[in-house]
Amino acid sequence: MSKQMSHLDNIPSTPGKFKMDKSPYIHNRLRWHSSLAKLTFWSFMFLGLILIFFFRSPSSNPLPQDPSRRSLRTYNWGGPAWEKRVRSSARIRSRNGISVLVTGAAGFVGTHVSAALKRRGDGVLGLDNFNDYYDPSLKRARQALLERSGVFIVEGDINDSALLRKLFEVVAFTHVMHLAAQAGVRYAMENPGSYVHSNIAGFVNLLEVCKSANPQPAIVWASSSSVYGLNTKVPFSERDRTDQPASLYAATKKAGEEIAHTYNHIYGLSLTGLRFFTVYGPWGRPDMAYFFFTRDILKGKSISIFEAANHGTVARDFTYIDDIVKGCLAALDTAEKSTGSGGKKKGPAQLRLFNLGNTSPVPVSDLVSILERLLKVNAKRNIMKLPRNGDVQFTHANISLAQRELGYKPSTDLQTGLKKFVRWYLSYYSGGKKAAG
Ligand SMILES: NC(=O)c1ccc[n+]([C@@H]2O[C@H](COP(=O)([O-])OP(=O)(O)OC[C@H]3O[C@@H](n4cnc5c(N)ncnc54)[C@H](O)[C@@H]3O)[C@@H](O)[C@H]2O)c1
Ligand SMILES: *[C@@H]1O[C@H](CO)[C@@H](O)[C@H](O)[C@H]1NC(C)=O
Ligand SMILES: *[C@@H]1O[C@H](CO)[C@@H](O)[C@H](O)[C@H]1NC(C)=O
């Protein structure tokens with residue numbers, strides 16, 4: 001049986017809900033039948049008009065097929081029991097521990113980072129809107145996993161300022177690990193609004209609340225290797241140009257880096273951006289190639305492998321989730337305090353950017369060969385031209401800065417990491433669980 005999870009976007013927004021009362025005009029006290037018929041007729045006309053009015057007015061139409069309407073969803077939060085859960089989840093249980101608000105905690109990276117922080121005794125509170133960009137039942141399963149280790153995920157949107165202010169009222173977070181975002185490169189052509197909502201408006205809202213919080217937290221957040229865009233100089237170093245994004249996703253991540261600069265400059269917020277390079281592993285994202293290749297190879301479905309012009313190789317600097325988690329924790333641990341208070345800057349604050357990659361790009365065709373060996377199934381390969389819809393041909397991280405400042409040292413090669421992914425995949429999707437999407 002597939003799990004019970006509902007598609008939250010199909011729940012109509014509350015402004016559309018209204019109660020329809022039975023007409024009070026029709027009751028059996030009326031004695032003249034012709035009048036009764038007339039009255040009934042006009043009552044129905046009247047009701048009909050009201051109904052037409054309600055369904056045509058924009059605020060009452062939930063338009064479930066339009067994902068930009070996500071912002072209209074309301075969530076249940078607040079109340080003493082809820083606050084108690086928030087407090088308990090964020091409670092620090094080790095000496096020198098930190099208390100971290102993790103946005104996007106039901107996401108792939110967010111789940112792993114939250115679990116790792118909790119394991120070492122830090123206070124962790126999650127925040128996620130459980131949107132259905134990919135199968136929300138996977139997000140619910142990750143939530144259940146975190147729940148068992150004592151991490152509570154608040155259900156809400158990062159663009160909800162009342163909610164964020166409330167969270168900072170209840171807990172004096174020392175750190176924010178900001179991982180909530182609209183990810184994915186190709187989906188940006190389908191639903192550009194969702195990128196603006198989460199990666200621009202949501203990020204600004206989060207920073208607004210952080211700058212006003214007392215004390216201000218230090219913030220570590222996920223940028224992306226995609227900011228290098230059409231840059232051809234390899235390996236990609238932090239100082240290389242990032243002004244030629246190839247997708248709206250990349251452009252919103254680049255905008256995030258500039259916005260971070262502003263909030264650091266004006267308000268003294270300590271900000272560290274991490275440019276992740278193609279992260280993979282157990283509990284991963286179904287919209288990424290290694291994940292849906294696995295699914296399609298097992299189904300006997302052909303998979304599309306892209307090649308660049310002149311049969312050029314498409315390659316990625318695949319980075320295993322455990323290495324990324326170490327980088328995230330090191331960034332939190334080396335983050336200096338924000339310097340402002342009450343929304344005012346008191347002095348200069350830390351502003352950093354790091355590549356977190358693996359430093360060894362692997363051609364996508366090699367990825368497929370490794371999967372074939374692990375799954376013991378031959379893939380049906382369909383070689384195709386790389387479409388010009390946002391994907392770049394090549395990524396390769398120079399990680400010497402992260403190595404120096406964070407002690408970051410990735411240690412999992414693609415073969416080893418994929419073996420762990422495949423083991424997870426087979427166990428997660430066996431036992432009656434339905435394959436994603
Ligand atoms: N996985 C990668 O290869 C990769 C590469 C580069 C950058 N990143 C970045 O790392 C971060 C984490 O990525 P991931 O792979 O875990 O993605 P993910 O989609 O699994 O996780 C993001 C989570 O954020 C939540 N979310 C999205 N918009 C939200 C909003 N407005 N309010 C509240 N929650 C919201 C989603 O429900 C999801 O659970 C993202 O910022 C992503 O852009 C990831
Ligand atoms: C984000 O929230 C603000 C303030 O509530 C709202 O005005 C804006 O429309 C929202 N932005 C998006 C893109 O959802
Ligand atoms: C890698 O980045 C460092 C700066 O962090 C730079 O000094 C070095 O030259 C870069 N290496 C290459 C091969 O580009």
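Is the crossing of α3 and α9 left-handed or right-handed? The crossing of these two helices is right-handed, and the account below starts from there. This is a predicted model, in which local features need pLDDT of at least 70, side-chain atom pairs count only at pLDDT 80 or more, and totals for chains, interfaces and linings use all residues. Residues are numbered from 1 along each chain as its sequence is written, while chains are lettered from A and ligands numbered from 1 in the order in which they are written.

Helices (H or I, at least four residues) and strands (E, at least two) are DSSP runs, numbered from the N terminus. The axes of α3 and helix α9 (residues 321-334) come within 10 Å and cross at roughly 60°, which makes α3 oblique to α9. Axes here are lines fitted to C-alpha atoms, for helices over the stretch in contact, with angles running from 0 to 180 degrees between N-to-C directions. Angles under 35 degrees count as roughly parallel, over 145 as roughly antiparallel, 65 to 115 as roughly perpendicular and the rest as oblique. As for handedness, a crossing is left-handed if the near helix is turned anticlockwise from the far one by less than a right angle, and right-handed if clockwise. On the α3 side, Val 109, His 112, Val 113 and Ala 116 meet Ile 321, Ile 324, Val 325, Cys 328 and Leu 329 of α9; contact means that C-beta atoms, placed from the backbone, lie within 7 Å. This contact has eight nonpolar residues, one polar and no charged. Ala, Val, Leu, Ile, Met, Phe, Trp, Tyr, Cys and Pro count as nonpolar, Asp, Glu, Lys and Arg as charged, and the others, Gly among them, as polar.

Helices α8 (residues 289-299) and α10 (residues 364-375) have axes that come within 10 Å and cross at roughly 45°. That makes α8 oblique to α10, and the crossing is right-handed. Among the residues making the contact are Phe 293 and Ile 297 of α8 and Leu 367 and Leu 371 of α10. By class, there are ten nonpolar, one polar and one charged residues.

## The seven-stranded sheet

An open sheet of seven strands runs in the order β3-β2-β1-β4-β5-β6-β11, with parallel pairing. Strands pair if DSSP finds at least two bridges between them. β3 (152-155) and β11 (351-356) stand at the edges with a single partner strand each, so one side of each is left without a neighbour in the sheet. On average, neighbouring strands are turned by 20° against each other, direction ignored.

Within the sheet, β1 (residues 99-103) and β4 (residues 175-178) pair in the parallel sense over four bridges, and Val 102 stands opposite Met 177 in β4. Helix α2 (residues 80-90) lies across β1, β2 (123-128) and β3, at about 130° to β2.

## Around the ligands

Ligand 1 has 27 residues around it, of which Gly 104, Gly 107, Phe 108, Ala 181 and Ala 222 come nearest; a residue counts if its C-beta atom, placed from the backbone, lies within 6 Å. Helix α3 gives the largest share of this shell, three residues. The shell divides into twelve nonpolar, eleven polar and four charged residues.

Around ligand 3 are Pro 235, Ser 237, Asn 398, Ser 400 and Leu 401.

Technical notes: Contact = placed C-beta atoms within 7 Å.
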